[in-house]
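Colleague: Hi! I'm new to this one, could you walk me through it?
Modeller: Happy to, let's open it up together.

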Amino acid sequence: MLKQKNNMFDPLFRWTTLGGSLVVLVLVAGILLTLINGALPSLEKFGVGFLFSQEWNPAINEYGALSSVYGTLVSTLIAMLIAVPLSLVIALFLVELAPPGISRVVGGAIELLAAIPSIIYGMWGLFVFAPFLADHVQPKLAAIAPGLPFFTGPPMGIGMLSAGIILALMILPFITSVTRDVFQMVPSVVKESAYGMGSTTWEVTRKVTVPYGIQGVVGACFLGLGRAIGETMAVTFVIGNSHEISASLFSAANSIASTLANEFTEAADDVYLAALIELGLVLFGVTLVLQIIARWWLRRTAKKMGAVR
Amino acid sequence: MKPRNPQNRKLVDLSIRLLSGAAALFGIAMLTWILGTVILKGAGSINWEFFTELPAPPGLPGGGLANAILGTLYITFLAVLIGVPIGLAAGIWLAEFGKDSKLAEAVRFGSNLLMGTPSIIIGVFVFVILVATTGHFSGVAGAIALAIIMLPVVARTAEDMLVLVPSALREAALALGVPRWKATLGVVFCAAKTGLLTGTLLAIARVSGETAPLLFTALNSPYWPSTVNEPTANLTVTIYNYAMSPYDDWQALAWGASLLIAVSVLGTTVLTRTILWYRSR
């Protein structure tokens with residue numbers, strides 16, 4: 001009698017836990033379908049032209065994603081240009097140069113950068129870093145390269161450049177920690193044989209460690225890219241929120257995420273709301289594709305290197 | 001191949017070593033700069049009123065963020081209540097039943113996708129399904145948005161922790177005639193409890209600093225949180241609103257709130273990392 005009662009619970013347990021797992025899949029599909037459905041009025045009105053129009057005018061109900069997409073791409077590009085080389089040398093320091101104790105402390109500190117909430121980066125960026133940039137960095141950049149269109153205009157601090165630099169700080173820990181893991185996967189026998197031939201640390205890194213781990217490093221960059229593209233609050237604080245496209249990195253711009261954060265609660269009109277949701281759909285689509293590529297790539301690498309991941 | 005000047009090689013090597021050391025120092029310097037700023041600017045606003053009073057209109061002295069502190073606790077608590085059981089269930093299924101099946105792979109892939117989804121997209125999703133349909137912003141919508149962000153994190157850490165439990169323990173329990181559910185919840189869970197707890201704490205730390213998913217779900221409010229069906233005050237959206245305001249005393253409160261958020265999020269993260277690190281040794 002008792003036994004039968006117990007047996008009844010087992011299938012129930014199994015199905016309940018399965019239900020929890022299915023929630024994950026339902027959510028992913030639900031987000032995609034909800035965004036597509038919510039964007040319909042805008043999809044119907046603007047079609048593919050939405051992606052290529054620079055117009056963003058709630059007064060006449062005309063919307064285009066170009067300035068937001070441009071801002072997202074450029075700020076992410078600046079972030080990657082700064083974060084990738086920096087992460088590589090920091091990972092090199094952690095794996096090859098620092099003694100284990102120091103490596104652990106420094107590595108922990110770098111990882112702590114990832115734990116700082118985005119809004120704290122925003123506060124620091126708006127009140128401390130942007131004024132610093134305007135007073136000390138931007139005038140120098142303008143003086144060093146007077147002819148370049150990137151460094152023209154008044155040094156306001158707030159704008160594309162500060163957004164890119166803060167994004168770089170935010171993705172640095174992600175790229176560093178994956179790169180560090182990849183570097184550690186390189187068998188020490190391979191490295192030691194290079195050292196045995198008389199190579200210097202840099203030569204071992206450039207000719208053995210990096211080529212061995214290059215795929216993992218690329219995967220790490222994809223992960224960082226995915227983070228940077230969807231980052232919201234820090235960017236919203238410092239990017240300046242302007243729908244104008246400007247070649248100068250000093251001027252205010254916007255990104256998909258910052259436009260959503262700024263304008264979503266203000267969107268009273270259906271088409272306005274749909275256009276914002278379509279922006280969200282574009283962002284979701286891009287991060288989905290990046291995630292899929294990154295995971296596929298990292299898994300392929302892990303398999304190739306015979307590691308369990 | 002032409003032999004190269006060893007002096008040059010050593011020089012290049014030395015400069016790269018210095019560069020990488022400098023880069024590591026730069027990372028630490030930025031961390032110190034950010035945290036130092038938050039502590040210096042925030043500490044002045046932390047006082048008794050900060051924790052006990054409602055916000056005052058700009059210009060008037062006093063006032064605190066007690067409603068936002070309470071609201072954040074309340075939204076986070078609701079999010080844990082929703083997100084953790086579902087996440088644990090998913091983790092159990094992945095570790096105990098799904099294993100290497102096609103469906104389990106799909107669920108793992110799905111939770112990776114969900115983890116990589118920008119939190120603002122989760123906010124938009126919850127807005128469309130809960131706020132637009134009911135016609136009002138609400139604390140419960142904010143909690144659900146946070147729960148969606150926690151779910152994949154809890155599920156994957158739970159799976160990792162449960163897989164670490166030796167099968168001999170499961171088999172021993174089953175051999176005694178214990179049903180599967182009791183073996184999992186009573187024996188396997190018990191063996192993995194520290195790991196499960198720290199994983200959950202990490203997920204809580206992660207969501208309690210989130211702003212973007214609350215912007216258009218919980219919104220914000222200058223009043224005490226009362227029911228789950230109305231806009232609810234919370235610390236992160238308050239930081240955003242106050243920082244963007246032109247009033248000095250509001251901005252000072254925003255710094256105080258930033259310090260509180262930073263201390264609780266980083267404190268939890270460091271604590272759980274330390275526990276995990278000691279356990280792994």
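Colleague: Which residues form the nonpolar patch on the surface?
Modeller: In this predicted model, the patch is made of Leu32(A), Leu33(A), Ile36(A), Leu40(A) and Leu43(A). Together they have about 370 Å² of accessible area.

Colleague: Where does Leu40(A) lie?
Modeller: Leu40(A) is in helix H1 of chain A, which covers residues 2-46. Its relative accessible area is 34%, so Leu40(A) is partly exposed.

Colleague: Which residues of chain A lose the most area to chain B?
Modeller: Those are Phe13(A), Met123(A) and Trp124(A), together 9% of what that side buries.

Colleague: And how many salt bridges are there across the interface?
Modeller: Two. Arg9(B) forms a salt bridge with Glu203(A), and their closest N and O atoms are 2.7 Å apart. There are also eight residue pairs in polar contact between chain A and chain B.

Colleague: Last one: what is the phi of Asn241(A)?
Modeller: Near 55 degrees, a positive value in a residue other than glycine. Most residues other than glycine have a negative phi. Asn241(A) sits in the loop between helix H8 (233-238) and helix H9 (256-263) of chain A. Asn241(A) is partly exposed, at 31% relative accessibility.

Technical notes:
Residues are numbered from 1 along each chain as its sequence is written. Chains are lettered from A and ligands numbered from 1 in the order in which they are written. This is a predicted model: local features need pLDDT of at least 70, side-chain atom pairs count only at pLDDT 80 or more; totals for chains, interfaces and linings use all residues. Side-chain values use heavy atoms; hydrogens and water are left out. Patches are made of residues with over 30% relative accessible area and no salt bridge: like charges are joined within 9 Å, nonpolar side chains (Val, Leu, Ile, Met, Phe, Trp, Tyr) within 5 Å. Accessible areas come from the Shrake-Rupley method with a 1.4 Å probe; for residues, only the protein chains shown count as cover. A salt bridge is a side-chain nitrogen of Lys or Arg within 4 Å of a carboxyl oxygen of Asp or Glu. Helices (H or I, at least four residues) and strands (E, at least two) are DSSP runs, numbered from the N terminus. Buried means under 20% relative accessible area, exposed over 50%, partly exposed in between (1.4 Å probe, protein chains only). Buried area is the accessible area (1.4 Å probe) that two parts lose on being put together, summed over both. A polar contact is a pair of N or O atoms within 3.5 Å; within protein, one must be able to donate a hydrogen and the other to accept it, and residues adjacent in sequence count only if both atoms are side-chain atoms.
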